[in-house]
Amino acid sequence: AGLAGAAWLYLRREKEQRLRQRRLRDLRALALGQGDFQLQDTSGTPRTRADLLGRWVLLYFGFTHCPDVCPEELEKLCRAVELLEGVPGLPPVQPLFITVDPARDDAAALGRYLRDFHPRLQGLTGTAEQVRAAAGAFRVYVSAGPPDPDGDYVVDHSVLTFLLGPDGLVRDCYGRSRTAEELAKSVRGHMESYEPLPA
């Protein structure tokens, strides 16, 4: 029975590894996040994709005037980071927020908004062209709605959280239905089985 159980665990791990490798190949074929970007953080320091290399990153695109979805997704992302921080031996995960509404989300606005979520949550903004290029690199859909009489508007956008590996490649992406616990479990699995993909 013990031998059968060990064989079953081995086959299960092999199957999970094959599925993970296939998903990585599919994500790489989509060329998600492989383009560079030129943005700035909340202190005004220029940032590019190269600044993310060597770190695990959980990335979410959103905007500070979002009434409910973005705050919920950021809370979930930050909770997943906290869960991972509680596991000894795991490398740190950098939580990252890129605005899709640079007209209202300048560096100061991002700084005020993000400080309530996680002490290491970094925010990036830029010109409309720079933000559009960054969103396009991840194939994030963005469309600003018409302004109301007060000039307020909602930005429709893809609701996805991306996991970037130390090689800068998208290792996974998570939709709105995933919980913080599921995100943390998936990220941990990617960390434990991490192998850089060949160029």
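Is arginine 176 buried, exposed or partly exposed, and what is its relative accessible area? Arginine 176 is partly exposed, at 44%. Here buried means under 20% relative accessible area, exposed means over 50%, and partly exposed lies in between, for a 1.4 Å probe and protein chains only.

This is a predicted model, in which local features need pLDDT of at least 70, side-chain atom pairs count only at pLDDT 80 or more, and totals for chains, interfaces and linings use all residues. Residues are numbered from 1 along each chain as its sequence is written, and side-chain values use heavy atoms, leaving out hydrogens and water. Helices (H or I, at least four residues) and strands (E, at least two) are DSSP runs, numbered from the N terminus.

**Salt bridges**

- The model has 11 salt bridges, each defined as a side-chain nitrogen of Lys or Arg within 4 Å of a carboxyl oxygen of Asp or Glu.
- Arginine 176 pairs with glutamate 72, at 3.1 Å from N to O. This pair links distant parts of the chain, 104 residues apart. Arginine 176 sits in the loop between β9 (170-174) and α5 (180-192), while glutamate 72 belongs to helix α2 (residues 69-85).
- Glutamate 72 is partly exposed, with a relative accessible area of 40%.
- Lysine 76 and glutamate 73 form another salt bridge, at 3.2 Å from N to O. They are 3 residues apart in helix α2, so about one helical turn separates them.
- Arginine 171 bridges to aspartate 167, with the closest N and O atoms 2.7 Å apart. Arginine 171 is buried at 3% relative accessibility, whereas aspartate 167 is partly exposed at 22%.
- Asp101, Arg104 and Asp152 are joined in a network of salt bridges.

**Nonpolar core**

- The largest nonpolar core holds 49 residues. Such a core is a set of buried Ala, Val, Leu, Ile, Met, Phe, Trp, Tyr and Cys residues joined through side-chain atoms within 4.5 Å.
- Leu58, Leu59, Phe61, Phe138 and Phe162 have the most contacts inside this core.
- Helix α2 supplies the largest share, 8 residues. Among the other elements that each give at least two residues are β3, β4, α4 and β8 (161-164).
- Leucine 59 touches residues including Leu77, Leu96, Phe138 and Phe162, setting aside those up to four places away in sequence. Contact means heavy atoms within 4.5 Å.

**Helix α4**

- Helix α4 covers residues 128-137, and its Val131, Ala134, Ala135 and Ala137 are buried. Seen down the axis, the buried residues fall within an arc of 160 degrees, so they line one face of the helix. The arc is taken from the directions from the helix axis to the C-beta atoms.
- The face turned away from the buried side carries exposed Glu129 and Arg132.
- Strands β1 (38-41), β3 (56-62) and β4 (93-99) are among the elements that cover the buried residues of α4.
- Just after α4, arginine 139 has a positive phi of about 55 degrees.

**Annotated site**

- An unreviewed UniProt entry lists Cys66, Cys70 and His157 under "binding site". Its positions follow the numbering used here, feature names are shortened, and annotations may be inferred rather than shown by experiment.
- These residues are spread over 92 residues of sequence but cluster in space, with a largest C-alpha distance of 10.6 Å.
- Cysteine 66 is in the loop between β3 and α2 and is buried at 10% relative accessibility.
- Cysteine 70 lies in helix α2 and is buried at 0% relative accessibility. Beyond its neighbours within four places in sequence, cysteine 70 contacts Tyr60, Gly62, Phe63, Tyr113 and His157.
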